[in-house]
Amino acid sequence: MSILVVGSVALDSVHTPFGSAERVVGGSANFFAAAASLFPRSGVRVVGVVGDDYPMDRLAFLSDRGVDLSGIERAAGESFFWAGRYHYDLNARDTLETRLGVFADFQPRIPEAFRTSEQVFLGNIHPDLQLDVLDQVDDPGLVVCDTMNFWIEGHRASLERLLPRVDVLMVNDSEARQLANEPHLLQAARWIQARGPRWVVIKKGEHGAVLYDEASIFFVPGFPLESIFDPTGAGDSFAGGFLGYLASVGTQDPGELRRAMVYGSATGSFAVEDFSVDRFRSLTPLEIADRVEDFRQMTFFEHDVSMIHG
Ligand code: AMP
């Protein structure tokens with residue numbers, strides 16, 4: 001299989017109650033690729049842009065795992081820079097600074113060799129650019145799309161043009177409510193499904209994630225971690241595990257989608273155990289499999305209806 005990811009390739013400065021990291025590698029495409037590349041046969045290809053200040057050597061571990069970084073353009077100027085601060089409630093963060101740099105003029109150009117990618121992850125960029133990416137690829141089997149409040153507020157019409165071409169919309173709970181203008185999450189998911197995506201994944205930070213399909217709902221909890229250092233990138237790492245797993249198994253039947261939710265939760269939980277993409281440098285597929293087994297045990301229960309029903 002092959003997965004095309006288009007998104008930000010960033011430098012982040014992050015402050016959390018547990019420490020700080022200055023100008024470390026981040027961005028949606030990096031977190032996605034770091035997680036997805038841990039799955040055999042995922043065939044990750046990245047399209048993005050960096051400035052001439054970008055430490056590409058910090059991404060060598062991705063190339064070593066087979067990620068194709070040849071679609072990352074290098075332009076004259078400063079790389080996209082984002083700075084954020086988290087408080088004790090790690091679900092809330094303040095953006096301290098966003099400098100778009102070369103990302104301001106980013107026009108994704110999908111290399112010829114990437115156009116036949118079987119799966120596409122549209123990281124959080126302008127919905128017109130996300131549409132432009134879909135115009136450049138040949139009928140992928142699965143399109144997964146992220147977005148954020150900024151695009152929902154300012155570019156709703158573009159987003160509504162994009163939705164019919166998306167198979168899985170992956171958003172957090174506040175984004176789902178805002179997009180659907182609907183406080184009730186199940187109704188919000190149904191509103192989104194009525195506009196195109198067959199599946200909606202709603203992420204709730206440390207409280208887990210929910211998959212809505214036409215007929216059923218599947219819930220996976222957040223993993224109870226001993227320590228959290230930096231929540232940045234958890235959502236993109238979730239998406240990386242979700243698609244990496246589906247690429248590895250090669251099908252999208254309902255059981256596999258549920259398992260993909262658990263693999264996504266596992267990779268998302270590892271992302272927050274260190275700053276930047278650093279936890280993924282040493283993470284092994286075996287550690288992911290162990291965490292998936294922990295999820296299974298945490299959520300398994302037997303039920304004897306006769307206990308309450310006579
Ligand atoms: P997440 O924690 O999943 O929301 O992803 C955080 C990553 O998104 C960080 O590494 C940032 O570099 C990147 N980021 C922050 N703001 C933007 C933006 N406006 N466009 C694209 N990427 C962004």
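The notes below are grouped by topic.

The model is predicted, and local features are described where pLDDT is at least 70.

**Ligand surroundings**

- Around the ligand there are 15 residues, of which S8, D12, G27, R93 and G233 come nearest.
- R93 places a polar side-chain atom 2.9 Å from a ligand oxygen atom.
- In G233, by contrast, it is a backbone N or O atom that lies 2.8 Å from an oxygen atom of the ligand.
- D236 has a polar side-chain atom at 3.1 Å from an oxygen atom of the ligand.

**Enclosed helices**

- Helix α1 spans residues 28–36, and nine of its nine residues are buried, so the helix is largely enclosed by the rest of the structure.
- The buried residues of α1 are S28, A29, N30, F31, F32, A33, A34, A35 and A36.
- Helix α3 covers residues 127–136; seven of its 10 residues are buried, so it too is largely enclosed by the rest of the structure.
- In α3 the buried positions are P127, L129, Q130, L131, V133, L134 and Q136.
- The cover over these buried residues of α3 includes the strands β1, β8 (119–122) and β9 (142–146), together with the helices α4 (149–154) and α5 (156–162).

**Crossing of α9 and α11**

- Helix α9 (residues 254–271) and helix α11 (residues 285–299) have axes that come within 9 Å and cross at roughly 115 degrees.
- The crossing of α9 past α11 is right-handed.
- On the α9 side, the contact is formed by V262, Y263, S265, A266, T267, S269 and F270; on the α11 side, E287, I288, R291, V292 and F295 take part.
- By residue class, this contact comprises seven nonpolar, three polar and two charged residues.
- In an α-helix there are 3.6 residues a turn, so residues three or four places apart point the same way.

- S2 lies in the segment before β1 (3–6), and its relative accessible area is 7%, under the 20% cut-off, so S2 counts as buried.
- Beyond four places in sequence, S2 touches S42, G43, R45, T116, S117, E118 and Q119.
- F238 belongs to helix α8 (residues 234–249) and is buried, at 5% relative accessibility.
- Apart from neighbours within four places in sequence, F238 is in contact with M170, V201, K203, A209, M261, G264, S265, T267 and G268.
- Two residues in this list, S265 and T267, also belong to the α9 side of the contact with α11.
- The C-alpha atoms of F238 and M1 are separated by 19 Å, although these residues are 237 residues apart along the chain.

**Loop residues with positive phi**

- Most residues other than glycine have a negative phi.
- R41 has a positive phi near 65 degrees and is not a glycine.
- R41 sits in the loop between α1 and β4 (44–50), where its relative accessible area of 57% is over the 50% cut-off, so R41 counts as exposed.
- N181, also a residue other than glycine, has a positive phi of about 55 degrees.
- The place of N181 is the loop between α6 (173–180) and α7 (185–193), and N181 is exposed, with a relative accessible area of 70%.

How values were computed: Residues are numbered from 1 along each chain as its sequence is written. This is a predicted model: local features need pLDDT of at least 70, side-chain atom pairs count only at pLDDT 80 or more; totals for chains, interfaces and linings use all residues. Side-chain values use heavy atoms; hydrogens and water are left out. Axes are lines fitted to C-alpha atoms, for helices over the stretch in contact, and angles run from 0 to 180 degrees between N-to-C directions. Helices (H or I, at least four residues) and strands (E, at least two) are DSSP runs, numbered from the N terminus. A crossing is left-handed if the near helix is turned anticlockwise from the far one by less than a right angle, and right-handed if clockwise. Contact means heavy atoms within 4.5 Å. Ala, Val, Leu, Ile, Met, Phe, Trp, Tyr, Cys and Pro count as nonpolar, Asp, Glu, Lys and Arg as charged, and the others, Gly among them, as polar. Buried means under 20% relative accessible area, exposed over 50%, partly exposed in between (1.4 Å probe, protein chains only). A residue is near a molecule or strand if one of its heavy atoms lies within 4 Å of it. A polar contact is a pair of N or O atoms within 3.5 Å; within protein, one must be able to donate a hydrogen and the other to accept it, and residues adjacent in sequence count only if both atoms are side-chain atoms.
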